Amino acid sequence: MIVAAILATARPVAADQQYNVIGNDSYHIGGADGQHTHIAYAGVQRLRVVRNGRNIDYVANVRYTRSQSGGSTVVHASFVQVLRPDGSFTDSDDADPDFLTILNQPFAVTLDPVTLRAIEHLHGKVPFEANSPLGHATLTGYLSPGARGLVSGHPVVGVAFEADGPMTGGLPERVASSSITGTIRMDGTAYYATQSALLMALDARLTIVGTLKNAANAMPVRIVYRRSIRATDAPPPSSKGDELHLKGMPER
């Protein structure tokens, strides 16, 4: 019941929110002497909440720098979700190919009061199931209690997640002419404000291990996506991200 609520129900937030975002993508294709690619992201995003009749539109816009061996580029991305009267979210506009907006993540951007209380009183592990962001598979795993602390001065409660499943399909943009067969694992922690129920911080990692196949050959592949998003009420600092005070937060 907790999982269903986290993924499908929510309540509106009272004000717009700014976030700092950091990301890293690591691609290792082939053996020890194979191809290694690393892409880093750092930027700032703004979440706006707009009432639209009976619906509520959540609009995230992010401006970030994408850096890799060939240099750096400045990129703008956006994502729009619509909160329906029944509490469900619908994606209405996805212009976020690098998965950097707060709306394009494993958990809802805000929760209803009942679900928030359930998270605050979560003990031990409970079953967790979600759709894979890649490969159209179902991931299964567990939710468990996360850390409590402060994010940008707001008390938060954390919920940790881990899930895995099969991976079959292609990757957006990177290797469009190839497909991967293997496993995909998602893990991390989401932090919700105890007063507003807004998603204030998220640390997420997606790991793919398998075989990359194209018309010519097949080779081993390991891909790791990492995303770290922090709410901030102050002007954004450098790419190190916003200061975060959380008791017992794991290092990544």
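Let's start at Val-80, which stands opposite Asp-93 in strand 5. Strands here are DSSP runs of E, at least two residues long, and helices are runs of H or I, at least four, numbered from the N terminus. Strand 4 and strand 5 (residues 89-95) run antiparallel and are joined by six bridges; two strands count as paired if DSSP finds at least two bridges between them. Their hairpin has five residues between the strands, and Gly-87 there takes a positive phi near 95°.

A quick word on the model: it is predicted, so local features need pLDDT of at least 70 and side-chain atom pairs 80 or more, while totals for chains, interfaces and linings use all residues. Numbering runs from 1 along each chain as its sequence is written, and side-chain values use heavy atoms, without hydrogens or water.

On to the neighbour, strand 3 (residues 55-68), which runs antiparallel to strand 4 (residues 71-83) with 13 bridges. A two-residue hairpin joins this pair, and Tyr-64 faces Val-75 across it.

Now, the pocket. By pocket I mean an open set of points on a 1 Å grid over the protein atoms alone, where a 1.4 Å probe fits, with protein on both sides within 12 Å along at least five of seven lines; lining residues have an atom within 4 Å of a point. The largest one is lined by 28 residues, and among those nearest its centre are Phe-107 and Pro-133. Which strand gives the largest share of that lining? Strand 5, with four residues. Helix 1 (2-8) and strand 4 are among the elements that each supply at least two.
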